[in-house]
Amino acid sequence: NASQQYEAILKTRAGMRAAQVGLAVSYKGLGRYQQSADIYAKLLAKNPKDPDALWNLAVLQHRHLNAYDAAIASYKKYEGVAGEADKKAAKVASLIK
């Protein structure tokens, strides 16, 4: 499966951001939500303005982890990073009502 492929890539290229995001997405698809969230947290520790990690973590917190306060904070951070012109950022207000 995809997660095994990403895990294999990350064994030789541990810092490869694209593979980390791919692994987090594949873990989410497998229902391994906390492992997915942990990967996004590590990416955000390296770059707190990583838009993909912020958005994906917010959605994960909101829809799968029932961590609504954390999701609101992540959505707001994403909105600040992405700017008003971003289509997903424009949805933030309706998501955090």
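Let us begin with a helix contact: Pro51, Leu54, Trp55, Leu57, Ala58, Val59, Gln61 and His62 in helix 4 meet Tyr68, Ala70, Ala71, Ser74, Tyr75, Lys77, Tyr78 and Val81 in helix 5. Contact here means heavy atoms within 4.5 Å. The residues of this contact of helix 4 with helix 5 divide into twelve nonpolar, three polar and one charged. In that scheme Ala, Val, Leu, Ile, Met, Phe, Trp, Tyr, Cys and Pro count as nonpolar, Asp, Glu, Lys and Arg as charged, and the others, Gly among them, as polar.

A word on the source. This is a predicted model, in which local features need pLDDT of at least 70 and side-chain atom pairs count only at pLDDT 80 or more, while totals for chains, interfaces and linings use all residues. Residues are numbered from 1 along each chain as its sequence is written, and side-chain values use heavy atoms, with hydrogens and water left out.

I turn to the geometry of the pair. Helices are DSSP runs (H or I, at least four residues), numbered from the N terminus. Axes are lines fitted to C-alpha atoms, for helices over the stretch in contact, and angles run from 0 to 180 degrees between N-to-C directions. The crossing of helix 4 and helix 5 is left-handed, that is, the near helix is turned anticlockwise from the far one by less than a right angle.

Asparagine 66 is found in the loop between these two helices, helix 4 and helix 5. Although asparagine 66 is not a glycine, its phi is positive, at about 55°.

Which residues form an aromatic cluster? They are Trp55, Tyr75 and Tyr78. The count of aromatic pairs comes to two, where rings of Phe, Tyr and Trp (its six-membered ring) pair if their centres lie within 6.5 Å.

Next, helix 5 and helix 6. The axes of helix 5 and helix 6 (residues 87-95) come within 9 Å and cross at roughly 150°. Helix 5 is therefore roughly antiparallel to helix 6.

Helix 2 passes helix 3 in a left-handed crossing.

Finally, the charged pairs. The structure holds two salt bridges, each a side-chain nitrogen of Lys or Arg within 4 Å of a carboxyl oxygen of Asp or Glu. One of them joins arginine 17 to aspartate 50, the closest N and O atoms being 2.8 Å apart. Arginine 17 lies in helix 2 (residues 17-29) and aspartate 50 in the loop between helix 3 (33-46) and helix 4, so the pair ties together parts that are 33 residues apart in sequence.

Note on methods. Phe/Tyr/Trp six-rings, centres within 6.5 Å; stacked < 30°, edge-to-face > 60°. Parallel < 35°, antiparallel > 145°, perpendicular 65-115°, else oblique.
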